[in-house]
Amino acid sequence: MSDSLSGMPNVMSIEGGIPLSGTVRAQGAKNAALPVMAACLLLKGQTLTLENVPDLQDVRTMADLLKTLGVTVETGTAASGTTPSAPGAALSHPGPSHGQMRFIVPEEVSSEAPEALVRKMRASSLVLGPLLARGGQAALPLPGGCSIGSRPIDLHLKGLVQMGAKIEIRSGVVYAQADQLRGRRIYLDFPSVGATENLMMAAALAHGETIIENIAREPEIDNLAAVLGSMGVPIEIEGTGCVRIKGVEEVHSGSERVIPDRIEACTYLLAGVMTGGQVTVTDVIPAHFDSMLAKLEEAGARFSVRRDAVTVFPAQRLQSLSLKTMPFPGFPTDLQPQMVAALSLAGGVSMVEESVFQARFLYADELNRMGANIRIRGNTAVISGVSQLHGADVRATDLRAGAALILAGLTATGQTRVGDMIHVWRGYEAIDEKLRSLGGRVELIPEDEK
Ligand code: UD1
C-alpha cells in the first residue's frame, strides 16, 4: 500500500438510468479500521495484525501517521496474496479489500503527532489516548483544521483529565501529560464515538479499573474492544451503555479482523433501490444496519436478509418518510446524505432531521442542481419528492455527500460529473469498479479532461 491515493482521478462521470444488478462484497469498515490501527500504539516491541483493512485514503493517512511516530507498517492482501498496485496508475485501483496490515511497534515511539497529517483527518485525534497512556505525554495539533469550538474534542480531553492527565492547549496544539493514568468512573455527556475510543485505549494502560458510562454503541466500538481484548486487556461492554476496562501494565501482540463497513454496504443497497435493480451486498452483518433496513421497509423497498448478505429487489416508487439521525442504534448520520438522495425521488414530502452534526446538508444545493427539491430548515431537510433527476456537473462537498451525488447520478437522466472525488476516496474503495461490476456506466476522468 503506497502512501497516498491523491493521484486518483478527481471526477467521476456517470451515465444514469441503468438498473444495477449483481453482487458486491462489503469492504472492511473505515470507522473500525482507524481506531484499531491507532490501538497499536499501546504496544512496545510487539505486533498488531489486522485483517480486512480497506484500502482507503483515510487508512493511508493513519498508516502514515503511525509510520511518522516510528511504527513499521507492513501491508499485504491476505486473501489474494498480491501486492496492491500504485495508486492512480492508468486509472487503476490499489487493490482488493481483504487487506492484511501488520504494525510492528518499537519500544520507543515519538509522542508528537505531525500537524500536516493530523490536519488531514479528524480521526488522527485517536492517537492521543494511546500515546499518552504508553509514554506519559503526547502532543496533538487540533485535528482536521477545526477549531475546538466548532468540532470539539472536549469530551476526549475531559475524560483524560479525569484519569489524571494535565492538558494544555497552546497555539492550536494539545499537550497532554500524565506519569500514570488512573482508572476512573467517567460519564460521557454525549456518546461520542471518538471520545469512547480514545478513552478505552487510554484506560487499557491506566492503573486500576476504568468504567465509562454513556459510551457510543456503534459496532466499531465492539471491534476496538475485541482488539484490546486480543492484546490482553480485560474489557467488558455492558448492554447498558457502559464499558469496564481493567488496566494492565503492558499489552501483548494481538490480532483481529475489521468488521464490514455498514455505511458502504448500505450505499450499494441504495444504489439498487434507486435504480430499480437487484443488488446483493455480501460479507455484511445486517444487524449493524437494522435502522436502515427498517426505514427501507417503511419506504416500501423490497429486500431479503440472510446471515451475511442483503439483497434489494425492484419495487414501486419509494414513499416519503421522516427520520432523525441518532447515535447507534439510531439512524446513522453517515447515511443521511445517501438516504436524502433516495428520498428526493420518493412520492410525497420527507423530513430528515440531522441531530449528530451541524452543517451536514451542504450537498443539498448540489442535489437540487440535479432537479431535486430539498429545502433546509435549520437542522431539517424538507424533501419534496420529484419523479426524475437529471444529470449535472456537481461537486462532492464531503465523503458521504459524494456518495449521495453518485447515487443521484446513477438514477438521473443523461450524464452527471461528480467533482472533488478526493473526498470519496477517503471512504469508498474502488467505488467505480464496484459500480461497473453491477452494470453501472461510470468512469473516472482526470480533472483536466472535464
Ligand atoms: C465518528 C465517525 C464519523 C461519524 C460519527 C458519528 C470515525 C472515524 N468517524 O466520528 O464518520 O459521522 O462518529 O457517528 O469513526 N463532539 C463533541 N465533543 C467531543 C466529541 C464529539 O461535542 O469531544 C460532538 C461532535 O462535534 C459531533 C458529535 O459529538 O457533533 C458526534 O461526534 P463523535 O461521535 O465524536 O464523532 P467522531 O468520532 O468524530
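**Fold, burial and backbone details of a predicted model**

Buried residues account for 57% of the 450 residues in this predicted protein model.

Q: How many helices and strands are in the protein?
A: This is a predicted model. Its secondary structure includes both element types. The count is 13 helices and 23 strands.

Q: Why is the protein as compact as a globular protein of that length?
A: The globule rule gives 22 Å for 450 residues. The C-alpha trace spans about 60 × 45 × 45 Å along its principal axes. The protein is as compact as a globular protein of that length because its radius of gyration is close to the rule's value, at 22 Å.

Q: How far apart are the mean positions of the positive and negative charges?
A: The protein has 40 positive and 48 negative charges.

Q: Is A202 buried or exposed?
A: A202 sits in helix 6, residues 193–204. Leaving aside neighbours within four places in sequence, A202 contacts G129, A133, L160, M163 and L181. Buried means under 20% relative accessible area. A202 has 0%, so A202 is buried.

Q: Which residue's side chain does the side chain of D55 join in a polar contact of 2.8 Å?
A: D55 lies in the loop between strand 3 (46–53) and helix 2 (57–69). At 5% relative accessibility, D55 is buried. The polar contact of 2.8 Å links the side chain of D55 to that of R60.

Q: Is N52 buried or exposed?
A: N52 lies in strand 3. Its phi is near 65 degrees, a positive value in a residue other than glycine. With a relative accessible area of 3%, N52 is buried.

Q: Is S171 buried or exposed?
A: S171 lies in the loop between strand 7 (166–170) and strand 8 (173–177). Phi of S171 is near 50 degrees, positive in a residue other than glycine. The cut-off for exposed is over 50%. S171 has a relative accessible area of 78%, so S171 is exposed.

Q: Which residue does a cis peptide bond join to P329?
A: P329 is in the loop between strand 17 (322–324) and helix 10 (336–343). Omega of the cis bond is about 10 degrees. The residue joined to P329 is F328.

Technical notes
Residues numbered from 1 in each chain as written. Predicted model: local features only at pLDDT ≥ 70, side-chain atom pairs only at ≥ 80, totals over all residues. Heavy atoms only, no water. Helix = DSSP H or I, 4+ residues; strand = E, 2+ residues; numbered from the N terminus. Buried < 20%, exposed > 50% of the residue type's maximum accessible area, 1.4 Å probe, protein only. Contact = heavy atoms within 4.5 Å. Rg over C-alpha atoms; globule rule 2.2 N^0.38 Å. Lys, Arg positive; Asp, Glu negative; His and termini not counted. Charge placed at Lys NZ, Arg CZ, Asp CG, Glu CD. Polar contact = N/O pair within 3.5 Å; in protein donor to acceptor, adjacent residues only side chain to side chain.
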